[in-house]
Amino acid sequence: MEPFDPSVQQKSRNTFLIVLCILTFIDAGSSFLQMLLMPLYAIEENAEMALNFYSKLGSSEMSEQMSEIIAATQALPTWYFIIASLPFLITIAAGVFLLKKKPLGFHLYVISQILAFACQNFLLKEPFQMSWISIICAIIISICYYVLLKNLRKDQESYQQQIDFYSFVLSKKNILKLF
């Protein structure tokens, strides 16, 4: 049997936290790539190719939406999309911190969602505005992360109390008192 070492902590993984982090990585990663690749529609050849593709699908509504997006992309400078992609990069970093059970991840996540809202609604405007469903999902995920953060802080406090107790018990003074 191995002696107990209080400095080694068994890290238990919360399944709900892992699922939220995976969803965060998928959403933020795809949004990051979308914002970085969006200026490609500003190139005339790519815009024509995209419009031809959507017109061949047979949906006139989808073709109209795509032509609006292409027109808006061509009207905006490229650096707008680079700036609008940064909050999603921060969201990915927040997911990494949350996966490592660092409270900083929660704060980064909330800040990145506020920045994403501001960039999409005030910098890029129509047709790139955040939909209501995206806003509601961001709020729900923030609340879930907050609940997990409260549990994380309780776990860290109890772990610190265990360390303090074991360091007190194992201190030289207390060991010498036994003899």
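Trainee: Where does L40 lie?

Mentor: Helices are DSSP runs of H or I with at least four residues, numbered from the N terminus, and L40 lies in the loop between α1 and α2 (44–56). This is a predicted model, in which local features need pLDDT of at least 70, side-chain atom pairs count only at pLDDT 80 or more, and totals for chains, interfaces and linings use all residues. Residues are numbered from 1 along each chain as its sequence is written, and side-chain values use heavy atoms, with hydrogens and water left out.

Trainee: Does L40 count as buried, partly exposed or exposed, and why?

Mentor: Buried means under 20% relative accessible area, exposed over 50%, and partly exposed in between, with a 1.4 Å probe and protein chains only. L40 counts as partly exposed because its relative accessibility is 42%.

Trainee: Which residues of α5 are buried?

Mentor: Among the buried residues of α5 are G105, F106, Y109 and S112, and the list also includes C119 and L124.

Trainee: Why does the length of α5 agree with what a helix should span?

Mentor: The expected span is 1.5 Å times one less than the number of residues. Helix α5 (residues 104–124) has 21 residues and should therefore span 30 Å, and its end C-alpha atoms are 28 Å apart, which agrees.

Terms used: Helices (H or I, at least four residues) and strands (E, at least two) are DSSP runs, numbered from the N terminus.
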